Amino acid sequence: MEQLVKELNEKVRGFSAEQVLEFFIKDYPGKLALGSSLGAEDQVLTDMIARIDKSTKIFTLDTGRVFPETYAAMAETNKKYGINIDVYFPNAQSVEELVNEKGINLFYESIENRKACCHVRKIEPLQRAMIDVDVWVTGLRKEQSITRILTEVVEADTLSGKIKINPLLDWTEQELWHYIKKFEVPYNKLHDRGFPSIGCQPCTRAVEPGEDIRAGRWWWETPEQKECGLHSRRNGK
Ligand code: SF4
């Protein structure tokens, strides 16, 4: 896997985000998927993918706790591009057991509880969504999080054992919004209300101007703990 990732990085060096996507969509037909949170980055990728090949798998995880604005962005996106974003839900019995044992807002009580909730509502559905997928497209950018040390467009995902591509790796916030405005990409309206990073409603809040991009996610935890497990760190820790 390491050698393959190295070779793929060589092949796409100097490519634009669109060219990276086109290269992988053609080279891995039916085996590539974008896992979308409907956030700004994923919307840009959706726009690019829809121009290249509308049949490409785009999926999202409906944890049952997302914002109404996120559903609105999903409906608008499906309509604009004539696509159907696949929605994966958590296992109903697992949610029932967790909530009935630990409480409806268990995530505020401990890191352990928060991770258990993310596991049931995000990780397990993600694993199902990724069963037939070899290449996972993400909207990760270098400037996003202190726990995400990214240096390459193509990575081996240590958790899933799949190839992960980050076409927007070097994009700035400014470039992202320039693209959204230029191509009239539908976006989650919470971005206009101080939410740079949007996840589940109880675990996301707006940030002040100048605050870290992910300061509004799991704000009661320390920065090093702020990962839901969807994206492993490069060193696998
Ligand atoms: S982000 Fe919050 S509500 Fe969503 S799955 Fe994780 S702990 Fe649960």
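**View 1. Asp134 and its contacts in the predicted model.** Everything here comes from a predicted model. Leaving out residues up to four places away in sequence, Asp134 touches Tyr28, Lys31, Lys162 and Ile163. You'll find Asp134 in the loop between H6 and S4. Asp134 has 15 C-beta neighbours inside 10 Å, so it counts as partly exposed. For a sense of distance, Val12 is 122 residues away from Asp134 along the chain, and their C-alpha atoms are separated by 17 Å.

**View 2. Asn9 in helix H1.** Asn9 has its place in helix H1. Set aside its neighbours within four places in sequence, and Asn9 is in contact with Glu152, Val153 and Val154. Pro68 is another story: Asn9 and Pro68 are 59 residues apart in sequence and, C-alpha to C-alpha, 38 Å apart in space.

**View 3. The buried side of helix H2.** Helix H2 covers residues 17-27, and Ala17, Val20, Leu21, Phe24 and Ile25 are its buried residues. These residues sit on the same side of H2 because they cover an arc of only 125° around the axis. What lies over them? The cover includes helix H1 (2-12) and helix H3 (40-52), along with strand S1 (32-35), strand S4 (135-137) and strand S6 (163-165).

View 4. Follow the order S3-S2-S1-S4-S6-S5 and you have walked across an open sheet of six strands with mixed pairing. Strand S3 (86-88) and strand S5 (154-156) are the edges, each pairing on one side only. From one strand to the next, the twist averages 30°. S1 and strand S2 (residues 57-61) run parallel and are joined by three bridges. Within that pair, Gly35 has Phe59 in S2 as its bridge partner. Helix H6 (residues 111-129) packs on the sheet, where it touches S1, S2 and S3, and its direction makes about 165° with that of S2.

**View 5. The residues around the ligand.** The ligand has 13 residues around it, and those that come nearest are Cys117, Cys118, Arg121, Cys200 and Cys203. Sorted by class, this shell has seven nonpolar, four charged and two polar residues.

**View 6. Helix H5 and the glycine after it.** How many of the eleven residues of H5 are buried? The count is zero, and helix H5 (residues 92-102) is hardly covered. Just after H5 comes Gly103, with a positive phi of about 105°.

View 7. Most residues other than glycine have a negative phi. Leu38, which isn't a glycine, has a positive phi near 70°. Its place is in the loop between S1 and H3. Is Leu38 buried or exposed? Leu38 has 24 other C-beta atoms within 10 Å, so it is buried. Glu184 has a positive phi too, near 50°. Look for Glu184 in the segment after helix H7 (173-182). With 9 other C-beta atoms within 10 Å, Glu184 is exposed.

Key
Residues numbered from 1 in each chain as written. Predicted model: local features only at pLDDT ≥ 70, side-chain atom pairs only at ≥ 80, totals over all residues. Buried ≥ 20, exposed ≤ 12 C-beta atoms within 10 Å, placed from the backbone. Helix = DSSP H or I, 4+ residues; strand = E, 2+ residues; numbered from the N terminus. Arc of directions from axis to C-beta. Contact = placed C-beta atoms within 7 Å. Near = placed C-beta within 6 Å. Nonpolar A, V, L, I, M, F, W, Y, C, P; charged D, E, K, R; others polar. Pairing = 2+ DSSP bridges. Axes fitted to C-alpha atoms, helices over the stretch in contact; angles between N-to-C directions.
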